[in-house]
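Subject: A structure to look through

Dear colleague,

I am passing on a structure that I would like you to open beside this message. Please look it over first, and then read on for what was found in it.

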Amino acid sequence: MKITEHFRRNRIEKLKVSELQEEELKLKSRINRLRKEIDRIEREKKQKFGEGVGADLIKKKMLAQELKQMDMSAKLKVRNFMALHKQYMFISNLVVIKKYQRDLQKTQIWDKIQSISPDAFESSLIQVNLAGKGFENVVDDLNQIFALDIADSDNDLDEAEKQMFEIWNSVETGTLELEEAGGLFSIEKDLEKAIAELED
């Protein structure tokens, strides 16, 4: 039985730290392998693209088909990588919670952990990184994620992520300078807007 299924059935108290750590190592190994595969495909894509420079039309068409297939393969692996990374974050954070379980049981946060649905708890834990943090910071982070409306925070993240990828694309295609792109993430525009609204 997978750890996530075990968690959904038995709640956090019955999970064993050794099993969580074993799952964490397996996921990390799979993530590293996928990362290497993605990097290899990207290197091969660059090489194939280079072969097309100055080639005749037939050769370019053949290379274009190969590049499309490689691109599709890379995208599937990236999707898999993202899914595994979410699982890894969840398991890694569960290890930390189990480590501090006795201390957490003395706080109100434990009641929240007990009352939240397993799916919502998993979604929340994916959003933080508790690894290497002390007890106080773990409590702060847990309080913060439980205070958020999970659905809203997911939408905000997706929108911000989408915007970031659009900006990267603009820089890569040469329609936007790197310095200009950095300005788009600057908080100064928001400050200027807020000051202008106050003055009006």
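A residue is called buried when its relative accessible area is under 20%. By that rule, 30% of the 200 residues of the protein count as buried, and please keep in mind that the model is a predicted one. The accessible surface of the protein comes to about 14,100 Å², and carbon and sulfur atoms hold 52% of that surface.

As for secondary structure, the protein has 10 helices and zero strands. Among the contacts in the protein with a separation of 6 or more, 71% are between residues 24 or more positions apart.

One pair of helices deserves a careful look. Two packed helices are described by the angle between their axes and the distance between the axes. Here, the axes of helix α3 (residues 57–99) and helix α6 (residues 118–126) come within 8 Å and cross at roughly 95°, which means that α3 is roughly perpendicular to α6. On the α3 side the contact is made by Lys86, Met89, Phe90, Asn93, Leu94 and Ile97, while α6 brings Phe121, Glu122, Leu125 and Ile126. Sorted by class, this contact of α3 with α6 has seven nonpolar, one polar and two charged residues.

Asn93, which lies in helix α3, is buried, because its relative accessible area is 0%. A polar atom of the Asn93 side chain lies 2.7 Å from the backbone oxygen of Leu125. Leaving aside residues up to four places away in sequence, Asn93 touches Leu125, Val128, Asn129, Leu130 and Ala131.

How values were computed
Residues are numbered from 1 along each chain as its sequence is written. This is a predicted model: local features need pLDDT of at least 70, side-chain atom pairs count only at pLDDT 80 or more; totals for chains, interfaces and linings use all residues. Side-chain values use heavy atoms; hydrogens and water are left out. Axes are lines fitted to C-alpha atoms, for helices over the stretch in contact, and angles run from 0 to 180 degrees between N-to-C directions. Helices (H or I, at least four residues) and strands (E, at least two) are DSSP runs, numbered from the N terminus. Angles under 35 degrees count as roughly parallel, over 145 as roughly antiparallel, 65 to 115 as roughly perpendicular and the rest as oblique. Contact means heavy atoms within 4.5 Å. Ala, Val, Leu, Ile, Met, Phe, Trp, Tyr, Cys and Pro count as nonpolar, Asp, Glu, Lys and Arg as charged, and the others, Gly among them, as polar. Buried means under 20% relative accessible area, exposed over 50%, partly exposed in between (1.4 Å probe, protein chains only). A polar contact is a pair of N or O atoms within 3.5 Å; within protein, one must be able to donate a hydrogen and the other to accept it, and residues adjacent in sequence count only if both atoms are side-chain atoms. Accessible areas come from the Shrake-Rupley method with a 1.4 Å probe; for residues, only the protein chains shown count as cover.
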